[in-house]
Amino acid sequence: MTPKAFGAKALHAQRWADLPERGTPTSLRLIDSIAVHIGRWAARLLLYPVTLYFLITGNSARRVSYEYLKRVRGRPTHWWHVFRHFHCFAATILDRTYLLRGEFEHFDVMLHQKEILHRQVESGKGCILLGSHLGSFEVLRTLGVTHELPLKVLMDIEHNEKITRFLDNLNQEIASTVIVPDRPETLLRVKESLDAGFVIGMLGDRVLGAGKTTQCQFLGAPATFPAGPILLAAIMRCPVILFFGLYRGGNRYEIQFEHFAQEINLDRDHRTGDVQHWTQRYVERLEHYVRFAPYNWFNFYPFWD
């Protein structure tokens, strides 16, 4: 497979950034009020009519969900599969309000291979913790606070700005860990944080703006992925650990850690191919967990070229 030119614009992969926000400050405050004052069990019951509403009105997301579920399941997909997909997403959004408030008693969180991350932190050397829009990223962010994990998060805050601002207000300590990408000081802040022993959390399955990209095989077809995480790891010469925070239904989450690379080196003469190789390795692990927990995939835009 021929790697996509890094400077080319990934039109399909950038469509997510053009999607309008569907949450309003009023609706978000209502959800938060229900979650706090009525309780999680009642709030979860209300997710069913909310999910049905978005199933009926979210034409674009519904079509994308059909395509994705048909691809990942390998058999016909029906409306109730899409409903389950939307409901899983809604459940993780609701749970953010509790996770960001520090109300962890609501959840049963299981950590797999946590010693990989613990050894890295104990070494005093920073690393990149590479995740995806699979499951819940907030599980990781709150883990940083509760387990005193030295964590910074490289995260775009411009898309879904209302939701981001609302959730950040629930926990200013977690909000302060964000490093915004594509700014003049971004690389310097990442370098300083790594040198200080911080873990840099970032997501590797969604293209930001006109960022450099590469093509990978994902669920049986070519798809565009950002080259940024691999390029950043190569520039920083730091270890990379994979992270997947999977929602398993009810109050259960599973956090998976995997060692990915001690250091990523890119050959000057084969830079494009090397980046594609490392990204494909990441995509293969992402595909493994997508197949393991298919309703956890939360990229509701046309993903495949």
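Predicted model: local features only at pLDDT ≥ 70, side-chain atom pairs only at ≥ 80, totals over all residues.
Trainee: Within what arc do the buried residues of H4 fall, seen down its axis?

Mentor: The buried residues of H4 are Val 64, Ser 65, Tyr 68, Leu 69, Val 72 and Arg 73. They line one face of the helix, because, seen down the axis of H4, they fall within an arc of 140 degrees.

Trainee: Against which helices do these buried residues of H4 pack?

Mentor: Packing here rests on contact, which means heavy atoms within 4.5 Å. The partners of the buried residues of H4 are H5 and helix H12 (271–292).

Trainee: Which residues of H5 meet H4?

Mentor: From H4, the residues in this contact are Ala 61, Arg 62, Ser 65, Tyr 66, Tyr 68, Leu 69 and Arg 73. By class, the contact of H4 with H5 holds seven nonpolar, three polar and two charged residues. On the H5 side, the residues are Trp 79, His 81, Val 82, His 85 and Phe 86.

Trainee: What is the distance between the end C-alpha atoms of H4?

Mentor: H4 has 15 residues, and at 1.5 Å a residue they should span 21 Å. The expected span agrees with the distance between the end C-alpha atoms, which is 21 Å.

Trainee: Which strands do the buried residues of H6 pack against?

Mentor: In helix H6 (residues 114–122), the buried residues are Ile 116, Leu 117 and Gln 120. They fall within an arc of 90 degrees seen down the axis of H6, so they line one face of the helix. On the other side of H6, Arg 119 and Glu 122 are exposed. The buried residues pack against strands S2 (127–131), S5 (199–203), S8 (240–247) and S9 (252–261).

Trainee: Is Glu 173 buried or exposed?

Mentor: Glu 173 lies in helix H9 (residues 172–175). A relative accessible area over 50% counts as exposed. The value for Glu 173 is 51%, so this residue is exposed.

Terms used. Residues numbered from 1 in each chain as written. Heavy atoms only, no water. Helix = DSSP H or I, 4+ residues; strand = E, 2+ residues; numbered from the N terminus. Nonpolar A, V, L, I, M, F, W, Y, C, P; charged D, E, K, R; others polar. Expected span 1.5 Å × (residues − 1). Buried < 20%, exposed > 50% of the residue type's maximum accessible area, 1.4 Å probe, protein only. Arc of directions from axis to C-beta.
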